[in-house]
Amino acid sequence: MKHPQLFIISLVALGLSGCDQSSKGFSLPPGDIQRGEQLFVDLQCLSCHTLEGYERPEGAQELSVGLGGQVKSLKTYAELVTSVINPSHQLAKGYDTSTIQVEGTSVMPVYNDVITVSELVDLVAFLESKYELEPYDQTTYNIHH
Ligand code: HEC
């Protein structure tokens, strides 16, 4: 092939547009971060999760899946919504699978019959506000140092 770079670029472009396709036309109204925070506490999400600045309730499970904080790539809004309404769709990475799933099903409860859509929107707005993109660290790539 004459222009391998071009080939790679077009593959990446195809891949990206492919991802967008799955959430095309998906739009939920803006959420209320404060109400989302209240729900996060009331629904006891912290019994299995940790989030900086929030205390875990008494009798919390041994399981602790970290939420929020600095990440290398931000979760998209669609990914966050999916992780709440369809937790088994894609299991969180970096955990011992035996602790987070049973036969492919996430141990995270499904709240779809517990919370309203408005509450879901608020909850996700709150979660989204807790993630921050890790600043690019130039020194990591400085081989002369
Ligand atoms: C009984 C334990 C449990 C409770 C309660 C729970 N979760 Fe989870 N949650 C998990 C586990 C285990 C995972 C990792 C497996 C997965 O991705 O489903 C997870 C994953 C997630 C993820 C994706 C994290 C990632 O990095 O991919 C989000 C977001 C999340 N939970 C939000 C919530 C919210 C919001 C609540 C409260 C409404 C909640 N969870 C309550 C166990 C729980």
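A residue counts as buried when its relative accessible area is under 20%, as exposed when it is over 50%, and as partly exposed in between (1.4 Å probe, protein chains only). The structure described here is a predicted model, in which local features need pLDDT of at least 70 and side-chain atom pairs count only at pLDDT 80 or more, while totals for chains, interfaces and linings use all residues. Residues are numbered from 1 along each chain as its sequence is written, and side-chain values use heavy atoms, with hydrogens and water left out.

**Overall picture**

The protein contains 5 helices and 6 strands, taken as DSSP runs numbered from the N terminus (helices H or I, at least four residues; strands E, at least two). Along the sequence these elements are arranged as α-α-β-β-β-α-α-β-β-α-β. Of the 145 residues, 23% are buried, and the accessible surface, by the Shrake-Rupley method with a 1.4 Å probe, comes to about 10900 Å², with 55% of it belonging to carbon and sulfur atoms. Where contact means heavy atoms within 4.5 Å, 63% of the contacts between residues at least 6 apart in sequence join residues at least 24 apart.

**Helices H2 and H5**

The axes of helix H2 (residues 33-42) and helix H5 (residues 117-129) come within 7 Å and cross at roughly 95°, the axes being lines fitted to C-alpha atoms over the stretch in contact and the angles running from 0 to 180 degrees between N-to-C directions. H2 is therefore roughly perpendicular to H5, a description used for angles of 65 to 115 degrees. Residues on the H2 side of the contact include Ile 33, Arg 35, Leu 39 and Phe 40, and those on the H5 side include Asp 122, Leu 123, Phe 126 and Leu 127. The contact residues divide into 7 nonpolar, 2 polar and 4 charged, with Ala, Val, Leu, Ile, Met, Phe, Trp, Tyr, Cys and Pro taken as nonpolar, Asp, Glu, Lys and Arg as charged, and the others, Gly among them, as polar.

| Residue | Place | Relative accessible area |

Leaving aside neighbours within four places in sequence, Asp 122 is in contact with Gly 31, Asp 32, Arg 35, Gly 36 and Leu 39. A polar atom of the Asp 122 side chain lies 2.8 Å from the backbone nitrogen of Asp 32. For Glu 58, the C-alpha atom is separated by 8.1 Å from that of Ser 47, which is 11 residues apart along the chain.

Technical notes. Angles under 35 degrees count as roughly parallel, over 145 as roughly antiparallel, 65 to 115 as roughly perpendicular and the rest as oblique. A polar contact is a pair of N or O atoms within 3.5 Å; within protein, one must be able to donate a hydrogen and the other to accept it, and residues adjacent in sequence count only if both atoms are side-chain atoms.
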